[in-house]
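User: Take a close look at the inside of this model for me, please. I'd like to hear who packs against whom.

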Amino acid sequence: MTILCVRFQLPPMYEAALPRLLGLLEEFTPVVEALPPDGALADLRGAERYFGRDAVELASVIRVRALALYGVDCVIGAGPSPMPARMALRDARPGLTRAVSEGAVAEFLAGKPVAALPGVGTATARTLCEYGLDTLGRVAAAPLSTLQRLVGARTGRELHEKANGVDRGRVVPNGVSRSLAADRPFDRDELDPDRHRRALLSATEELGARLRAVDKVCRSLTLTVRYADRSATTRSRTLKEPTAHSAALTRAAYDMYEALGLQRARVRSIALRAEGLASAEQACHQLTFDPVDEKVRRIEEVADRARAKFGPRAVMPGSLAA
């Protein structure tokens, strides 16, 4: 086991602490990949040799330091590669590291539902379940050619490999500075889909305004939905073109939300993150000749000028929807 997947139990709206917590991990290894809004992957291959401790022992030290220095507890999954470490995290509990050894990956995966595998969306899981491939053990035992006929050549091969414990992923060091986040916690666990969408609308308008204020565009959006039982679902989507246009961000956010297929889910908070930030001057915009789109963009410009003159609350998120 050389990879840790760490999720810090940050209070709502306390994401600003994440860079400091990433710095804590970097005291053990420079190979740290941020997983905003509250997690990270850490490759401890060199740290195990340097400190003379295995990954589980180092995880205990990380947990104690996070509590002592920042008052933040964490849950940790450990595995031989990123994918099993991520999945082990779902079984972890505060104070206990869920570890999956290299020889036990296939057995660990066998009983998991196919939808639990990172990268498997709702549509793919539904297709596989229709043919009785509802667990990763059954997917691993299925012929590669069968999977490729069901979900496509590339997806079928990746799915077959991952279900058999073969993970070609690696930890890619990055930072959180190339992203912006907006979190919308609810006062109580919220079941109403309309209120979920209003929270998404508010978050995308905030992100759009913040991106335009710093002359940035984003290449992708990540949606995180947290539930009453403290579990969470995260989905990412690459945008058709880099943008800071609130309407385009809203469409992408709505599409990701609808793809989750939530049915009376008790949602505690919804968070959106704009990732892959780049300079707006270097971005291209496909002209649509749509008068409605052009009108919305002109309204955005007016709202941005109002915010710049009178402050960020001059135009509240969600007010442009009217």
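**Inside the core**

Analyst: The largest nonpolar core has 29 residues, and those touching the most other members are Leu207, Leu211, Leu221, Leu223 and Leu272. By nonpolar core I mean a set of buried Ala, Val, Leu, Ile, Met, Phe, Trp, Tyr and Cys residues joined through side-chain atoms within 4.5 Å; buried is under 20% relative accessible area, exposed is over 50% and partly exposed falls in between, using a 1.4 Å probe and protein chains only. Keep in mind that this is a predicted model, so local features need pLDDT of at least 70 and side-chain atom pairs count only at pLDDT 80 or more, while totals for chains, interfaces and linings use all residues. Residues are numbered from 1 along each chain as its sequence is written, and side-chain values use heavy atoms, leaving out hydrogens and water.

At least two residues of this core come from each of strand 6 (179-190), helix 10 (193-213), strand 7 (216-227), helix 11 (246-260) and strand 9 (267-275). Those are DSSP runs numbered from the N terminus: H or I with at least four residues for helices, E with at least two for strands.

Zoom in on Leu211: leaving aside residues up to four places away in sequence, Leu211 touches Leu180, Lys216, Val217, Cys218, Thr243, Ala244, Leu249, Ala274 and Leu277, where contact means heavy atoms within 4.5 Å.

Now over to strand 9, where you'll find Ser269. Ser269 is buried, at 5% relative accessible area. With the residues up to four places away in sequence again set aside, Ser269 touches Asp183, Arg184, Pro185, Phe186, Thr224, Val225 and Arg226.
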